[in-house]
Amino acid sequence: MAEKVMAKGTEAIAEAAVRAGCRLYFGYPITPQSELTEYMARRMPEKDINGVFLQAESEVAAVNMIYGAGCTGHRVMTSTSSPGFSLMQEGMSYIAGAELPSVFVNVVRGGPGLGDIQPGQCDYFQATKGGGHGDYRLVVYGPESLQEAVELTFKSFDIADKYRTPVLILADGLLGQMMEPVEFPEFNDPKSFADHSGWAMRGTDMKRKPNLVSSFNIDPNGLEEMNHRYQEKYRKIVENEQMFEEYMTEDADYIIVAYGTMGRIAKSVAKEAREKGIKTGVFRPITLWPFPYEPLAKLADKSKMFFAVEMSAGQMVEDVRLAVNGKKPVEFYGRTGGIVPTPNEILSKFMELI
Amino acid sequence: MEYKNLVEINQERCKGCGLCINACPKKVLGFSEGYNAKGYHPSEVQRPEDCIGCGFCYRMCPDVCITVKTLAK
Amino acid sequence: MPYIDKMKGPHALSGKEFTYCPGCHHGIIHRLVAEVIDELGIEGQTMMVAPVGCSVFAYEFFNVDGTVAAHGRAPAVATGIKRAMPDKVVFTYQGDGDLAAIGTAEIIHAANRGEKLTSIFVNNAIYGMTGGQMAPTTLVGMKTTTSPYGRKIENEGQPIHVAEVIKELRGVAYLERTKVDTPQDVIKTKAAIKKAFMAQINGLGFGMVEILSTCPTNWGLSPVESLKWLEENMVPEFPLGVFVDKVGDAK
Ligand SMILES: Cc1ncc(C[n+]2csc(CCOP(=O)(O)OP(=O)(O)O)c2C)c(N)n1
Ligand code: SF4
Ligand code: SF4
Ligand code: SF4
C-alpha cells in the first residue's frame with residue numbers, strides 16, 4: 001500500500017479498477033457518476049495503461065460492449081447511475097447467463113423514473129433480486145467509505161474472474177461525491193489473472209475447436225443443466241464470499257442495520273445512543289448479495305429489536321426480516337427523494353421506537 | 001462410363017428445395033422419387049452425361065449438399 | 001477415379017446441418033461468408049456474433065469462435081470483442097428485425113465510428129423466427145401476421161432503406177446491396193462479402209453487405225417461386241449496387 005492521497009469517490013473507484021487490471025471501459029455519461037467515465041477517458045489512453053475507453057451510444061450499447069469484451073475474458077468494466085442501470089438489465093441477464101467476468105458500478109440516485117440526482121439506495125431490489133430476466137444473481141458490494149470502495153472494486157475483478165460472474169459495486173451518490181484520503185493498492189500483475197483461454201473467444205488459430213460463448217440453449221434439459229451450474233456457483237459464492245461488519249454488537253440490545261454510507265451514519269447514531277445509556281450496535285452488510293442472513297440471525301437471539309435505516313422506502317429491510325425471521329421486531333426508517341437522513345433524525349426516530 | 005464432370009449430392013442433408021434443379025442450365029438434376037430420412041424428396045443427378053461442371057447447383061444450394069468434381073487431367 | 005474437387009463446402013463451416021427451412025437464403029449466405037473466410041485464410045483469427053432471429057444458431061455453424069448477442073445488439077457486442085482484440089477479424093450476421101428495428105442505434109453508431117467490423121445484413125422483408133410479422137423492410141401493401149391488411153404508409157411508414165442510411169456515415173469503408181437468387185448474383189455477393197471483410201482487415205473501417213433474401217416459409221411461397229417474388233418486388237424497392245467502396249480492386 002502506498003501513501004494516502006485525497007481522492008474523489010467516483011475517481012477513486014476508477015483508479016482502483018485500473019490498478020486491478022481493467023483495461024477496457026465502456027460507458028455512457030449520467031449524473032452523479034460522470035466523473036468516473038471522464039476519469040477513464042483520461043486514464044485509459046495513458047502510455048503506461050494503454051487501455052480502451054469508449055463512450056457508447058447508450059447504456060444498452062455499453063452493456064453489450066461489456067458482453068463482447070467479456071467474451072474475450074479480459075478485465076472489463078462500466079459504470080452508470082440508476083436509469084442507466086435499468087437500461088442495462090437485459091444485457092446483465094445475458095452476461096450472467098454466458099458467465100462473463102465483468103464489473104459494474106451503479107452510483108444510485110433518487111428514483112423512480114428520472115427521479116433526481118441526489119443520493120439514493122432505492123435500487124437495492126434491482127441489484128440484489130435480479131433486475132433482469134431469469135434466475136441469476138450478481139455479487140453486490142455496498143461500500144461505506146472511499147477506502148472500502150477502492151478495496152472492493154479492486155477485489156471485484158478477482159471475484160468476477162474466479163466465479164465467471166458479473167459483480168456490482170452499489171454505491172450511492174454520497175459516496176460518489178465525497179472527498180476522502182485513500183490508500184490505493186499496488187498494480188496487479190496480469191500474469192496472476194485467471195486463465196480464461198479454455199472458454200474465451202480469442203480466435204482458434206486453427207489449433208482447437210471453436211469456443212462458443214452464450215446463454216442460449218434451445219433444449220430444456222440442456223438449459224436446466226446450465227441453470228444447475230449457475231445455482232451451484234451461487235451456492236459457492238454464498239458459502240465463501242459473505243462480508244459484513246459488526247459494530248458494538250457484543251452487548252447490544254438494539255441493532256441498527258444499514259449498508260453503504262447509511263452504515264456509516266448508523267455508527268454515529270449508535271455512539272450517541274450509547275452516550276444516553278442505550279446499548280446499541282450496528283450490523284452492516286457489505287455483500288448485499290450474498291446477504292449475510294446467518295450472522296444477522298445470530299444477533300436475533302440476544303438483542304431486543306432491529307432497526308433498518310435506508311435511503312429508500314424500505315428494501316433491504318425485507319432481507320433483515322428474512323434473517324430475523326419473526327424472532328424480534330424489525331422496525332424501519334427511510335428517506336426517499338434523494339434525501340440523506342441526518343443522525344439526529346434517525347436517533348429521534350429510534351428513541352421513539354424503544 | 002466416365003464423365004468429365006461429376007456432381008455429388010448429399011441426399012440425407014438435402015431439404016428438397018429444388019434451387020439446384022432450378023439453377024442447372026443443362027437439366028441434369030431432378031427430384032428423386034424416394035424420401036430421405038427428413039421426409040424430403042432429395043435432388044438427384046438424372047442426366048450426368050449433360051453436366052458441364054458449371055457449379056450453379058453448388059452455388060444455389062442453401063444446405064451445402066453439393067460437391068462438384070472434375071476429371072483430373 | 002481420378003476426380004478432383006472443383007467446388008465443395010468450405011472448411012470454415014462447422015459441418016453442422018443448418019436449421020433453416022428448405023430453400024432459405026440464410027444457408028447460401030452462410031456458405032459465402034465461410035468461403036470468403038477460407039479464401040482470406042483468416043479462420044483462426046475470425047470471431048462471429050450471431051443475432052436473435054432465424055440465424056440465432058449461426059455461431060454453431062462456423063468453425064470460428066462465436067457468440068450470440070441480445071436481439072439487435074450484435075454490433076455493440078462485436079465492438080467489445082474487436083476493441084479487446086484489435087488484431088482479430090470480427091463479423092456480425094443480422095436479420096432485418098435485428099439490425100433495422102431493435103438494433104438501429106447499434107448498427108448506425110458502429111458504422112459511424114468506423115469500427116473495423118463486417119456486418120452481413122440479411123433483408124428478407126419479414127420477421128422469420130417469430131412467425132412472419134412485419135419488419136421495417138416489409139414492402140408497402142405486403143401482408144404479414146401483424147400487417148394482415150397489408151403494410152400501410154399512413155400507419156407503418158415505408159420500408160427502411162438501410163444501405164442508403166448507412167452510406168451517409170463517414171466510418172463506412174465498404175457497403176453494397178446484393179441478392180443471391182441466381183448463381184451470378186451469388187458470385188457477386190461473395191465478392192462483396194470479401195470486400196466488406198477487406199475493409200476491416202486493411203484497417204479502413206466498417207464493411208457491410210445488405211443481401212436481399214427469401215423467406216419462403218413466411219412469404220407462403222415455394223423456394224423457386226420466392227426467387228421470382230424477390231426479383232419482382234424486392235429488387236425494385238431496394239436497388240442493388242455499391243454504395244461505398246474505399247477498398248478498391250485487388251491486384
Ligand atoms: C428483446 C427482444 N425482443 C423481441 C424478441 C423476439 N424476436 C426474436 S427474433 C425476432 C425477429 C427476427 O427477425 P429478423 O431479424 O428479420 O430475422 P429473421 O428471423 O427473419 O432471419 C424477434 C422480434 C427477442 N428475442 N428479444
Ligand atoms: S454443375 Fe452445372 S450442369 Fe452440372 S449439375 Fe450442376 S448446375 Fe447442372
Ligand atoms: S439445393 Fe441443395 S437442398 Fe435444395 S434440393 Fe438441391 S441439393 Fe437439396
Ligand atoms: S422462417 Fe424464413 S428466414 Fe427463417 S429459416 Fe425459414 S425461410 Fe428462412
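This is a predicted model: local features need pLDDT of at least 70, side-chain atom pairs count only at pLDDT 80 or more; totals for chains, interfaces and linings use all residues.
Residues are numbered from 1 along each chain as its sequence is written, chains are lettered from A in the order in which they are written, and side-chain values use heavy atoms, with hydrogens and water left out.

**Between the domains of chain A**

The domain assignment, whose bounds come from an automatic or database source, divides chain A into domain 1 (5-201 + 228-240) and domain 2 (245-353), and the C-alpha centres of these two domains of chain A lie 27 Å apart. Gln121(A), Tyr124(A) and Glu144(A) are the residues of domain 1 of chain A that lose the most area to domain 2 of chain A, together 33% of what that side buries. Among the salt bridges (a side-chain nitrogen of Lys or Arg within 4 Å of a carboxyl oxygen of Asp or Glu) is the one that Arg264(A) forms with Glu180(A), where the closest N and O atoms are 2.1 Å apart. The residues on the side of domain 1 of chain A that touches domain 2 of chain A divide into 18 nonpolar, seven polar and eight charged; in this grouping Ala, Val, Leu, Ile, Met, Phe, Trp, Tyr, Cys and Pro count as nonpolar, Asp, Glu, Lys and Arg as charged, and the others, Gly among them, as polar.

**Between chain A and chain C**

Contact (heavy atoms within 4.5 Å) links 34 residues of chain A with 36 residues of chain C. In chain A, Glu57(A), Met201(A) and Phe216(A) lose the most area to chain C, together 22% of what that side buries. Arg73(C) forms a salt bridge with Glu90(A), the closest N and O atoms being 4.0 Å apart.

Strand β9(A) is joined by two bridges to strand β3 (residues 65-68) of chain C, and the two run parallel; strands here are DSSP runs (E, at least two residues) numbered from the N terminus, and two of them pair if DSSP finds at least two bridges between them. Leu212(A) stands opposite Gly66(C) in β3(C).

**Values for the two interfaces**

Buried area is the accessible area (1.4 Å probe) that two parts lose on being put together, summed over both.

| Interface | Buried area | Share on carbon and sulfur | Salt bridges |
|---|---|---|---|
| Domain 1 and domain 2 of chain A | about 2400 Å² | 55% | five salt bridges |
| Chain A and chain C | about 2700 Å² | 65% | three salt bridges |

Notes: Helices (H or I, at least four residues) and strands (E, at least two) are DSSP runs, numbered from the N terminus.
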